[in-house]
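Me: I have a model open and want to learn how to read its side-chain contacts and surface. Could you take me through it feature by feature?

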Amino acid sequence: MKKTQLSIYLDPETFKTIEAFAQRRGQPKSLVAEAAIAAFLSPDDSDRREAAIAKRLDRIARLLERLERNDGVTLETVALFIRFWLTSTPALPEHSTPAARAKGAERYDRFVEALGRRLASGSTVLKEVSIDMQASEKPE
């Protein structure tokens with residue numbers, strides 16, 4: 001098939017890019033430019049691009065849904081703990097406050113250590129809740 005000649009003006013950077021690509025591939029610049037123009041004008045290419053974008057957006061949407069669910073579980077857990085703690089912990093007499101603060105600091109340090117070990121092991125409450133929920137949803 002006979003090809004038609006087209007004279008175009010390119011930005012120097014675009015020309016350098018085409019020239020470098022052609023040299024790496026061992027192809028003439030005109031063939032590289034023709035392939036680039038064909039890819040740009042191809043309706044299939046835009047469909048593939050759109051499908052790839054849709055796939056990525058779906059993956060991001062699922063990730064955001066999972067993050068939202070985990071955030072809800074975390075918030076509900078903290079709120080439930082605070083409510084439980086506030087309703088079950090009596091107020092301390094004035095003379096016990098320094099000892100209680102010292103004991104609280106000690107408990108907090110143990111809590112942070114336990115949290116660090118748990119996070120390092122990869123085990124999380126959210127995973128346990130998820131596993132428990134899946135087990136309870138299965139018919140017996």
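What follows is a dialogue on salt bridges, an aromatic pair, surface patches and distances along the chain.

Me: What kind of model is this?

Reply: This is a predicted model. Keep that in mind for every value below.

Me: Let us start with charged contacts. How many salt bridges does the structure hold?

Reply: A salt bridge is called when a side-chain nitrogen of Lys or Arg lies within 4 Å of a carboxyl oxygen of Asp or Glu. By that rule the structure holds five salt bridges. One of them joins the side chains of Glu13 and Lys16, at 3.8 Å from N to O.

Me: Where do Glu13 and Lys16 sit relative to each other in helix H1?

Reply: Helix H1 covers residues 12-25, and Glu13 and Lys16 are three residues apart in it, so about one helical turn separates them. Both residues are exposed.

Me: Which residue forms a salt bridge with Glu19?

Reply: The partner of Glu19 is Lys29, with 3.7 Å between the closest N and O atoms. Glu19 belongs to helix H1 while Lys29 belongs to helix H2 (residues 29-41), so this pair ties together parts that are ten residues apart in sequence.

Me: Are Glu19 and Lys29 buried, exposed or partly exposed?

Reply: Relative accessible area decides this: under 20% is buried, over 50% is exposed, and what lies in between is partly exposed. Glu19 has 29% relative accessibility and therefore counts as partly exposed. Lys29, with a relative accessible area of 37%, is partly exposed too.

Me: Which residues are linked in a network of salt bridges?

Reply: The network links Lys103, Glu106 and Arg110. Within it, the side chains of Glu106 and Lys103 meet at 3.6 Å, N to O. These two are three residues apart in helix H4, so they are separated by about one helical turn. Glu106 counts as partly exposed because its relative accessibility is 39%. Lys103 is partly exposed as well, at 39%.

Me: Now the rings. How many aromatic pairs does the structure hold?

Reply: The structure holds one aromatic pair. It is formed by Tyr108 and Phe111, whose ring centres are 6.4 Å apart and whose planes make an angle of 40 degrees.

Me: Why is the pair of Tyr108 and Phe111 called tilted?

Reply: Planes under 30 degrees apart count as stacked and those over 60 as edge-to-face, with the rest tilted. The 40 degrees between Tyr108 and Phe111 therefore make the pair tilted. Tyr108 is exposed, with a relative accessible area of 52%.

Me: How accessible are Arg56 and Arg69?

Reply: Arg56 is partly exposed, with a relative accessible area of 47%. Arg69 counts as partly exposed at 41% relative accessibility.

Me: Which residues form the nonpolar patch on the surface?

Reply: Ile53, Leu57, Ile60, Leu63, Leu64 and Leu67 form the nonpolar patch, and together they have about 550 Å² of accessible area. Take Ile60 as an example: it is found in helix H3, and its 42% relative accessibility makes it partly exposed.

Me: Last, how should I read distances between residues that are apart in sequence?

Reply: Arg69 and Leu126 are 57 residues apart along the chain, and their C-alpha atoms are separated by 9.6 Å. Arg107 and Ala51 are 56 residues apart, with 53 Å between their C-alpha atoms. Arg107 is found in helix H4 and is exposed, with a relative accessible area of 52%.

Me: What is the C-alpha distance between Val73 and Arg83?

Reply: Val73 and Arg83 are ten residues apart along the chain, and their C-alpha atoms are separated by 15 Å. Val73 lies in helix H3 and counts as partly exposed at 22% relative accessibility.

Methods: Residues numbered from 1 in each chain as written. Predicted model: local features only at pLDDT ≥ 70, side-chain atom pairs only at ≥ 80, totals over all residues. Heavy atoms only, no water. Buried < 20%, exposed > 50% of the residue type's maximum accessible area, 1.4 Å probe, protein only. Phe/Tyr/Trp six-rings, centres within 6.5 Å; stacked < 30°, edge-to-face > 60°. Helix = DSSP H or I, 4+ residues; strand = E, 2+ residues; numbered from the N terminus. Patch = residues over 30% accessible without salt bridge, like charges linked within 9 Å, V, L, I, M, F, W, Y side chains within 5 Å. Areas by Shrake-Rupley, 256 points an atom, 1.4 Å probe, with all protein chains shown as cover.
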